[in-house]
Amino acid sequence: MRIVATLAVALSLSLTASRAPAPRPSPPHVEIVEVPDGGIQPQAVVDADGTIHLIYFKGEPGGGDLFYVRQKIGDRLFARPIRVNTEPATAIATGSVRGGQLAVGRGGWVHVAWNGAHPIDDDGVTRTPMWYSRLPRGGTAFEAQRAIGSRTKYLDGGGSVAADFDGHVYVVWHAAGDAEGESSRRIYVASSTDDGARFGSEQSLAIDGGACGCCGIETLADAPARLQILYRAAGGGIHRDAMWLTVRPSGGPAPVRLQPWELPACPMTTFAMAAAEDGIVAAWETQQQIYTAVLDPSRGLVSAVTAMTGAGTRKHPSIAIDAAGDRLFAWTEDTAWARGGRVAWELRDRAGVTLASAANAGSVPVWGLVAAVARRDGSFVIVH
């Protein structure tokens, strides 16, 4: 009887063990690296070949230069830097929200857009330009920079650039509308259908509540001729809500509010977006915390909004998503006007479960940012 009972217990333990879930492998490795050559404000993307493309700023914050580097799979270092702006000292870093933005489109074209550091004379009209330049795949020099659009009165906050694999390129910014004040500011979209060789006249998007004057915007071309825009509203000078807008050739639905924030001042924030199988993963700041949600552009729906683990004065998010759907969120902590801070990050799986996190993971210089990318081997890189 004892032998039978013992066998029964052993069999039960064996069956229980066989039903136990397999242990999850260790979270992907997260590597923290500094911007090459002492630069600041990194922006990075990874192309289909796994090459990391990176731009950064150097020089005086009120008027410096942008540089571009690339790192192919297997390389330990970035290649020789190439200056983006062909006119010296025409990029700006002051405020952390107005610097260079990067996209890689069809044929490996590298597209960069940035707010001008100084006004220019345009047929007798003095205005601050939205600059653009591009680099062919494997190229060694950017084309001469071009001022995009004409509606750039009171250009402020950070513009953006997006590209798809059908040759569409979008340069996007916000500036004064037909009336004075933030509540009348408009978003402007200049579009190209030939990989940035030519841009048409900008499209003016009148948005309820205008746009927060010194907050950045973020763009993503997630489908042919479909553009996603994240921006901050400024209704009544107090409603600094995080907003999401989809732009199509046939128009699009009204902007969707991601999260309200009442503040009688501009918080100087930026946004982040990355495409995933379950939609577009977005991140933004509200009340010094970083929040995230998944956006469904086809139905205009937003998932539950969640905050990053922990607390701190948090700004300037960046997102990277690997092939498994794991998503890395990186941001700055304790940065402010003319003050540096630290790198922090959180890694979640596609279900939103936190796999790992870290604070004080590296230093962020004055006017600095962080940029997160996913390598093809499943590891992540945060550039600071």
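Me: In this predicted model, where is aspartate 37 found?
Reply: Look at the loop between strand E1 (30-33) and strand E2 (40-46); aspartate 37 is found there.

Me: Why is aspartate 37 called exposed?
Reply: Exposed means over 50% relative accessible area. Aspartate 37 has 53% relative accessibility, so it counts as exposed.

Me: And what is the phi of aspartate 37?
Reply: The phi of aspartate 37 is near 60°, which is a positive value in a residue other than glycine. For background, most residues other than glycine have a negative phi.

Me: OK, on to serine 96. Which loop is serine 96 found in?
Reply: Serine 96 is in the loop between strand E5 (82-83) and strand E6 (101-104). Its phi is positive, near 70°, and serine 96 isn't a glycine.

Me: Why does serine 96 count as buried?
Reply: The cut-off for buried is under 20% relative accessible area. Serine 96 comes in at 8%, so it counts as buried.

Me: How do you know that E12 and E13 pair?
Reply: Two strands pair if DSSP finds at least two bridges between them. Here 4 bridges join E12 to strand E13 (residues 169-175), so the two strands pair, and they run antiparallel.

Me: Which way do the residues of E12 point?
Reply: Ser160 and Ala162 point one way from strand E12 (residues 160-163), while Val161 and Ala163 point the other way, and all are buried.

Me: What sits between the strands of that hairpin?
Reply: There are 5 residues between E12 and E13, and in this hairpin glycine 167 takes a positive phi near 95°.

Key: Residues numbered from 1 in each chain as written. Predicted model: local features only at pLDDT ≥ 70, side-chain atom pairs only at ≥ 80, totals over all residues. Heavy atoms only, no water. Buried < 20%, exposed > 50% of the residue type's maximum accessible area, 1.4 Å probe, protein only.
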